[in-house]
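Please find below a note on the model, written for a colleague who has not seen it before. The points begin with the contact between the chains and then turn to charged pairs and a surface patch.

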Amino acid sequence: MRKFLSIIVCKLAKWICGYFGRGSSFPGQVALKICPDILSRVKLPETVIAVTGSNGKTSTVEMIHGILEAAGLSYAYNYEGSNQIEGVTTLVLSNCSLNGVFRKDVLLIEADERYAKYIFKYITPKYYVINNLYRDQMTRNGHPEYVLSDIAKSIREGSKLVINCDDPLVSSLSRRFDNEVVWFGMEDNQYVSETCTSVYDDGFYCPVCHKKMIYEYRQFAHVGKYECSSCGFKRQDPDHAITSIDLEEGRITIDDRYDLHLAFNSIYNAYNLLAAFTVGCEMGLDEELMCETLNDYLIRNGRIKSFLINGKKGTLLISKHENTVSYDRNLEYVASKEDVTLLMIIDDISRKYFTSDTSWLWDIRFEILNKESVRQILVAGKYIDDVAIRLEYAGIDMEKVKTFRYTKDAVEYIGENVEGQLYALTCFSDEAKLLKEVVVE
Amino acid sequence: MRILHLYPNLMNLYGDYGNIVLLKKHLEDQGIEVVVDKREVYESFDPDLYDLIYMGSGTENAQKVALEALNKYRYYLKKYVEEGKVILFTGNAMELAGNTIDGQKALGLIDMDVVTSEKRYTGDVIVNNEEIGEVVGFINRSTLLKGGEKEKLFTYEFRYEGLVDNDYEGYRYKNLFGTHIIGPVLVKNPNFMAYIVSLFVEGKMKEVSYPYEEGAYETTLSELKKRK
Ligand SMILES: [Zn+2]
């Protein structure tokens with residue numbers, strides 16, 4: 001009876017929320033109040049796919065959704081913003097019949113890396129993709145080793161783990177569990193480096209025994225081909241791999257066989273795509289059809305937004321504050337362009353909680369901007385002085401740097417003074433401050 | 001002068017290296033020549049060669065590895081501190097100076113014991129020391145401290161509920177300084193930076209202005225005071 005009530009209330013709440021345009025966590029929250037173990041009382045499909053990790057969860061889930069669609073399977077999935085237990089409950093119950101039977105072929109879950117342990121208390125994914133672990137919102141989440149221990153608590157017996165073999169931290173999970181593992185990764189290519197290029201090195205010490213780790217090469221940060229100098233922990237050979245990549249042309253080859261074009265030229269995008277492909281292979285989906293689908297696959301938030309300031313065109317890039325990898329990626333992109341003006345807005349560090357901590361600025365490789373082609377760096381928001389200290393230490397000519405307390409003033413300055421290609425880099429938490437001052441294209 | 005930055009790859013979880021790169025610059029602005037040496041846990045060092053030893057934050061596992069390596073220098077570090085030479089431990093490196101961490105023997109420089117807790121304590125803080133002034137920062141730890149009151153460095157002016165093991169924060173014994181504040185605490189607090197620099201300047205400090213650092217400090221201090 002409680003189960004029936006929980007489902008019907010969730011459906012009702014979802015309908016009402018939908019009507020008022022509210023979020024998707026609330027209905028699940030109500031359902032869980034009525035019946036806390038509701039997720040274990042419904043009948044789920046045989047195929048439950050889960051995706052977690054620091055970066056790229058949403059993209060990976062979207063690409064898996066693409067290949068499921070192409071394969072003619074019915075499915076339901078969630079996305080960032082509703083990736084904790086409440087959102088997943090809404091997702092599951094709103095796709096269940098009133099007697100609690102999930103009505104689609106596949107349940108696809110994006111799971112927040114800290115809260116997956118609560119979601120998978122009741123649900124055992126058949127395939128559990130663990131993408132990567134980076135320093136991400138450490139003021140709230142804790143450090144990567146701490147998050148890893150949370151992910152470990154979410155692993156159920158019987159789940160097949162789909163793990164990025166190039167990330168030593170997530171790969172070390174295979175040492176702790178007997179679950180079957182499918183590995184995906186990227187082979188040696190022309191972009192690898194011998195040394196760590198980021199400001200800090202989370203691959204310096206072995207995650208298993210804390211002795212020094214040796215890298216044959218790195219794709220970026222701590223991701224690459226590694227082997228511990230002491231305990232034997234090392235990168236596993238991938239079951240599926242990006243065997244060649246050309247970032248200028250945006251081309252990759254998977255498993256020496258399938259050539260694909262990337263809709264967004266980045267190594268990170270290639271990893272997400274490969275994760276989706278690997279899951280599809282495990283499900284026995286048609287490989288050629290998957291590659292056809294994933295070719296030029298445009299993810300929803302992958303669309304680059306552009307805007308106009310006084311008739312001058314600008315491109316908006318989103319990085320998450322407190323997430324080094326997402327910053328380094330966009331800074332590299334900007335620095336690869338000619339004759340650039342960059343606007344960075346760092347005002348609210350998070351949209352979900354308050355902190356004034358700016359330590360994370362020291363983890364970002366602002367040194368990338370120390371190039372002739374970067375003509376001007378404009379910084380707006382509360383934390384302009386914190387950013388300026390970091391830029392000065394990065395060796396950037398401070399004549400190039402201008403700071404503005406309010407985004408509005410930076411926009412006004414750009415309208416009158418700036419030539420060349422304009423890029424704006426900020427976080428979801430500060431995006432609106434720019435968008436309300438410009439014409440969005 | 002010579003600075004020893006200990007375990008910069010192991011204990012550098014929150015951009016802690018920023019303390020050393022800016023400290024070097026501030027010392028140089030006072031006309032002091034500075035050499036910074038870095039050592040990892042598998043490398044040895046001679047404390048007597050240095051005028052300042054620094055270590056920053058690491059994960060709980062990393063801290064254990066650092067402790068094991070540093071315990072070999074117990075006797076020498078005791079002597080170093082008694083001679084009045086400078087050590088700065090920030091983040092969970094500060095815990096190494098206590099008697100024990102979860103029962104395991106630590107450096108024994110400060111009469112305190114560290115116990116791991118189930119909970120994680122995180123949040124922005126304002127702390128205060130009469131000589132230094134108000135210091136801002138962030139604490140991110142999963143331990144509780146017992147003792148160390150005699151050598152306390154700061155008192156809390158603002159902290160989040162929950163973080164209640166003691167009414168004081170950090171320690172100072174002679175020129176051994178410790179604070180749980182993570183990351184580039186000297187960068188964020190020009191007053192704390194100036195205080196540490198003054199330990200190496202004979203006579204009057206040269207007036208140098210650091211507008212960005214002062215601006216960043218004022219911003220955070222006023223943001224945090226709004227939340228008091
Ligand atoms: Zn090892």
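How many residue pairs are in polar contact across the interface of chain B and chain A?

1. Across that interface, 15 residue pairs are in polar contact, both residues being at pLDDT 80 or more; a polar contact is a pair of N or O atoms within 3.5 Å, where within protein one must be able to donate a hydrogen and the other to accept it, and residues adjacent in sequence count only if both atoms are side-chain atoms. On the side of chain B that touches chain A, helix H6 of chain B gives the most, with eight residues.

2. Some conventions should be kept in mind: this is a predicted model, in which local features need pLDDT of at least 70 and side-chain atom pairs count only at pLDDT 80 or more, whereas totals for chains, interfaces and linings use all residues. Residues are numbered from 1 along each chain as its sequence is written, chains are lettered from A and ligands numbered from 1 in the order in which they are written, and side-chain values use heavy atoms, with hydrogens and water left out.

3. The contact (heavy atoms within 4.5 Å) involves 32 residues from chain A and 38 residues from chain B. The buried area, meaning the accessible area (1.4 Å probe) that two parts lose on being put together, summed over both, is about 3,100 Å² between the two chains, and carbon and sulfur atoms give 60% of it. Of the area that chain B buries against chain A, 20% is supplied by Asn9(B), Tyr17(B) and Tyr212(B), more than by any other three residues.

4. Between chain B and chain A there are two salt bridges, a salt bridge being a side-chain nitrogen of Lys or Arg within 4 Å of a carboxyl oxygen of Asp or Glu. Glu223(B) pairs in this way with Lys382(A), their closest N and O atoms lying 3.6 Å apart. Both residues also belong to a network of salt bridges, whose members include Asp347(A), Arg405(A) and Lys226(B).

5. Over all chains, the whole structure holds 35 salt bridges. One of them joins Glu180(A) to Lys160(A), with 3.4 Å between the closest N and O atoms; because Glu180(A) lies in the loop between helix H9 and strand E6 of chain A and Lys160(A) lies in strand E5 of chain A, the pair ties together parts that are 20 residues apart in sequence. Helices (H or I, at least four residues) and strands (E, at least two) are DSSP runs, numbered from the N terminus. Glu180(A) counts as exposed because its relative accessibility is 52%, and Lys160(A) is buried at 18%, where buried means under 20% relative accessible area, exposed over 50% and partly exposed in between (1.4 Å probe, protein chains only).

6. A further salt bridge, at 3.5 Å from N to O, brings together the side chains of Arg235(A) and Glu187(A), which are 48 residues apart. Arg235(A) is buried at 6% relative accessibility, while Glu187(A) is partly exposed at 28%. In another pair, Asp201(A) and Arg218(A) have their closest N and O atoms 2.9 Å apart, and both residues are buried.
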